[in-house]
Structures are given as C-alpha cells and as structure tokens.
Amino acid sequence: MQQGSFIWGHREKQHRAVEKWIDRVWILVLLLAAVLLFSINLGSLPLRDWDEGTIAQVSREIWNAPAGSLRWLYPTLGGEPYYNKPPLAHWLIAGTYAVVGVNEWTTRLPGAILTALSVPLLYCIGREIFRQRWAAVYSALIYLTMLPVVRYGRLAMSDGVLVCFLLVMMLCVLRSRRDLRYCLGVGISFGLICLTQGFFGIFLGAIAMIFLFWDTPRLLTSYYFWTGILIGILPTVAWYVAQISHYGYAVVKVGLQNQSRSQVDTFIITSYQVPWYYMIELLKWTWPWLLFLPQTWRYVWENRNLSWAKLIQVWCGFYLVSISLLDTKLPWYILPIYPALALAFGALLAETENLPLLSSYPRSWVVGLSVLAVLASASSMYFSWGIPPKTDLQLIFAAVAITMILAAILAERGDGQFLKILFWGSYIALFLLVKSNYWAWELSEAYPVKPVATMIARVNPAVKKIYTSFPHHRSSLDFYSDRTIIPAKADELQYYWQYSSKPYFLLNAAALNNLQLESMKIIDQAEGWKLVTKETPRL
C-alpha cells in the first residue's frame with residue numbers, strides 16, 4: 001500500500017509538472033500573439049479625438065512639468081486643472097515619454113501592452129473556473145480576435161488598461177477562494193481600477209462582490225479579504241484627499257458627473273441614448289462569435305449553479321444593465337464585458353472537442369457562416385471597383401470571406417476543425433486590418449489633423465487660444481498644435497474679432513466668406529483651413 005501510494009504520488013507530481021509546463025507554453029504563445037497584434041503599426045495613424053488627444057496632452061504636460069511642480073499629482077490640461085479621471089494611465093504614458101520621446105507610438109504603447117497582457121490573463125481565469133483546458137484556450141482566442149478589443153486596446157485610452165486590471169482582480173478573486181493570500185491582490189487590483197477610472201471602478205468591484213455573495217459568501221466575512229481591499233484602495237483614497245484639499249469638493253462632483261461629458265455630448269446623436277444602445281453595439285461588432293450566442297445562453301443557463309456560469313451571469317448581466325442606465329453612452333464603455341462573453345463562448349465551444357468525429361452542428365452555425373461569407377465577398381468586390389481601388393480593404397474582406405467559406409464547409413461536414421479555421425482566419429484578418437490605415441476609421445470623419453496642426457505650429461502664434469469655425473472640439477488638434485482650439489459660432493467669432501486686439505481664427509472657406517472680417521490677414525493655410533488675424537494698422 002505504501003509503495004503504491006508512493007508511486008501514485010510520484011506520478012501525480014509528474015502530471016502536475018506537465019500540466020504547469022503546458023499552461024506556461026499556452027500563456028507564452030497567447031502573449032506573443034497578442035503583443036504582435038496590439039503593437040504592430042501602432043504609430044502609423046495620428047491620435048484620435050476625445051480620449052486619445054486629451055490623455056496625450058495631459059501626459060505631455062506631466063512630462064514637461066518642472067521638477068518639484070507636483071504636476072504628476074495635480075495634472076493640467078492646457079494649463080487648467082484636470083481632475084476628470086485619476087492619472088494612472090497618464091503616468092504610464094508620461095513615463096514612456098520620458099524614456100522614448102513623444103509620438104503616437106509611445107502614446108499608445110502602455111495601453112496596448114496592458115491590453116495584450118489581458119489575453120493570457122483571461123486564459124488563467126479560464127483555467128481557474130473550467131475543468132477543460134480547451135475552454136480556457138478557446139476563451140482567450142475568442143477574446144484576442146474580437147474586433148472592439150483589438151481596436152480600442154490599441155488606442156491611447158484608459159479602457160484597455162482598465163480591463164487588464166479587472167482581469168487581474170477577477171483572477172485574484174477566484175484564487176482567494178482557496179488561498180486567502182490572494183485577497184491582497186484583489187485589493188491592489190481594485191485600487192488600480194479606481195486609480196484608472198475613478199468612481200466608475202465601483203461598478204466593476206460590485207461584479208466581484210455579487211459573484212462572491214452568490215458563490216462563496218464566506219469570503220465576504222473574512223478579515224483578510226477586507227484588509228486586502230483596504231490596503232489596495234489606500235493610494236486612490238490618498239489621491240482624492242490630495243485633490244479635495246487642493247481644489248475643494250468640486251473634484252468629487254466632477255468624478256460623479258463626468259467632466260468630459262460636456263465635450264462628448266457634442267458628438268453624441270439621440271440614438272446613442274436609448275437603453276438598448278449597447279445591445280446594438282454587440283450586434284454590430286461581435287461577429288463571427290455572436291453566431292454561437294443562442295446555444296451559449298442555453299448552455300450557461302443549464303449550468304447556472306456552477307461557479308463559472310455564476311461568474312458569467314453576474315459579469316454580463318450586472319455590467320450591461322449598469323452601463324445601459326448611464327446617461328452618456330459611448331462605444332468603448334462596453335469593453336469590460338467582452339472577457340465575460342469570451343468565457344461563455346469558450347465554455348460552449350470546448351464541448352465540441354468531446355463530440356464524436358463528423359458530428360452535426362446546429363444549422364444556424366452553417367447558415368450564419370455562409371451569410372458572413374457572402375457579405376465579406378460582396379464587400380471585397382465592392383472595394384475593388386473604386387478608382388483607385390482600396391486594395392487594403394479588398395484584401396481584408398477577402399481574408400474574412402475565405403475564412404467563413406472554409407469554416408462553413410467544415411461545419412456542414414461536422415468537422416470540428418472549422419473552429420481552428422475561424423481562429424486563424426479571424427486573427428489574420430485583424431492582422432491585415434491593423435497593418436492598414438483603416439483600423440482607426442473615425443479619423444476620416446473630420447479633416448486631417450496633422451497638416452493643420454503643423455501649419456499652426458509653423459506660424460507659432462503668440463496666443464495659446466485660437467477660435468475655429470469647426471463645430472466640434474478636437475483634442476488631437478490641441479495636442480499637435482500645442483494650442484487650445486476653441487469651437488465658436490459665427491456671432492461669437494464676430495464678437496471676438498471686434499473686441500480682441502490680436503485674435504487668431506482657424507476658418508474654412510465658407511466661414512471666411514460669411515464672416516466678412518475687416519482688416520483681415522491670412523497668415524497660412526492647410527487642408528482648406530486658413531489661420532487669420534487682424535492686420536496691424538500702419539502708423
């Protein structure tokens with residue numbers, strides 16, 4: 001008996017060593033694939049408006065601040081106090097500026113790397129909650145090949161950083177159920193979430209609390225758990241105390257009401273405010289994985305009493321309801337829900353590994369893949385007819401079409417290899433997308449920012465504030481020109497022109513004709529925009 005036990009113990013140790021080695025290989029492979037996808041061609045496009053331009057400007061002002069100015073603690077935007085969000089993401093970018101310099105690549109690099117790290121983190125979460133390794137592998141691969149994750153993860157936004165810390169917190173929550181030392185990791189990661197996104201982090205912390213209340217309520221009564229939370233949030237509390245002592249309680253009001261809303265509202269159309277806005281976003285951008293949603297929903301519900309199903313239900317349900325009730329709705333707010341969806345899809349697709357060879361799959365999968373193949377083929381042909389043809393888009397949609405055609409044929413035959421085709425084809429299509437100049441397609445919605453900013457910097461006007469006839473604020477133009485470009489209506493421009501001794505206006509041809517400004521001098525122009533000021537009267 002003792003000899004047999006010894007032999008079994010020895011084999012068990014060998015088995016565990018092999019399991020750990022396989023996990024490490026998968027983590028390394030997923031990390032390399034994610035870093036490649038998230039970092040290639042990262043600095044090819046100018047910074048986008050809204051978050052990218054604002055974060056870049058705040059980070060540069062932190063980096064440029066003189067020693068002892070405490071600008072890192074009290075950030076500014078255009079010289080004015082900036083306490084819209086805690087500055088963790090800005091610190092990371094400012095640190096990158098200090099090492100490598102200021103450009104698009106260094107601005108986007110910290111967020112891209114942290115988002116890439118979230119892929120192997122999701123694999124680790126899958127290994128924690130699923131008995132099958134394939135469920136964890138499929139979850140990570142699905143997450144890696146989701147278009148919104150790749151796009152927003154590559155941008156200089158705090159949302160990719162937020163998701164990385166969220167996955168660290170969830171991993172520590174799961175492991176703390178059997179090892180209380182991970183409670184400290186729960187607290188630290190929750191503190192990092194709040195130091196990235198402020199009061200919004202409470203929503204994400206609530207996901208963990210509700211899950212534990214349902215799955216492991218004993219942990220909520222643990223002294224170690226709450227001690228870890230307290231230690232983790234101390235830096236965030238200290239930051240808010242410093243802001244309140246410096247600026248007053250306006251900081252708390254801004255954190256609750258979101259200071260950037262005034263900037264964002266000018267871009268938001270009415271349809272964005274409907275409660276089902278995020279459902280529409282999921283329907284638009286989660287293909288081809290959304291094909292598996294009906295079966296996934298049923299599978300999760302059938303296993304609703306298991307820990308992994310509880311986590312997915314709480315994560316998806318609570319977060320989706322919470323952000324749907326917010327007044328301001330933006331596409332990237334939904335980013336934290338994609339890891340949970342990937343886990344759900346991965347759990348279902350892992351079951352296909354246990355099916356007999358050449359088993360029949362749901363008819364909706366074959367039909368859905370066929371429809372996607374037809375749409376991608378039509379799109380590829382459409383972009384090949386232009387003058388000149390958009391060969392990048394033609395190639396991207398051709399890759400999608402080939403992927404869907406092969407996957408549909410294999411799924412029709414009952415061949416489980418269709419999943420491998422989907423993963424490889426989706427990855428290649430996304431790789432082609434990020435290699436092109438179309439991955440941040442919002443840049444085409446307004447005039448090219450860099451030529452106009454270069455023109456302003458070349459002129460180097462003596463003022464820091466320039467008024468423009470463009471109706472929306474462009475934070476990227478502020479960043480590149482190192483000026484504050486303020487949108488103004490025609491009557492406002494007339495007023496500033498009349499009562500300012502040396503105004504500077506950025507106007508297009510239509511505004512220039514309508515205003516009929518007296519004593520006007522055109523200083524320079526680019527991309528149809530003219531920088532004008534008053535003619536200095538001759539003595």
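Let's start with a charge above a ring: Arg 151 lies over the face of Tyr 152, at 5.1 Å from the ring centre. For this, CZ of Arg (or NZ of Lys) must be within 6 Å of the ring centre and within 35 degrees of the ring normal. Likewise, the charged end of Arg 304 sits over the ring of Trp 301, 4.3 Å from its centre.

This is a predicted model, where local features need pLDDT of at least 70, side-chain atom pairs count only at pLDDT 80 or more, and totals for chains, interfaces and linings use all residues. Residues are numbered from 1 along each chain as its sequence is written, and side-chain values use heavy atoms, leaving out hydrogens and water.

Now for rings beside rings. Rings of Phe, Tyr and Trp (its six-membered ring) pair if their centres lie within 6.5 Å; planes under 30 degrees apart count as stacked, over 60 as edge-to-face and the rest as tilted. By this rule there are 36 aromatic pairs. Here are two of them:

| Pair | Centre to centre | Angle of planes | Kind |
|---|---|---|---|
| Phe 199 and Tyr 240 | 5.1 Å | 45° | tilted |
| Phe 200 and Tyr 319 | 6.3 Å | 85° | edge-to-face |

Phe 200 is in the loop between H8 and H9 and Tyr 319 in helix H15 (residues 307-324), so this pair links parts of the chain 119 residues apart. Helices here are DSSP runs (H or I, at least four residues), numbered from the N terminus.

Are these residues buried (under 20% relative accessible area), exposed (over 50%) or partly exposed (in between), using a 1.4 Å probe and protein chains only? Phe 199 is partly exposed at 26%, while Tyr 240 is buried at 13%. Phe 200 is buried at 15%, and Tyr 319 is buried at 0%.

Terms used
Helix = DSSP H or I, 4+ residues; strand = E, 2+ residues; numbered from the N terminus.
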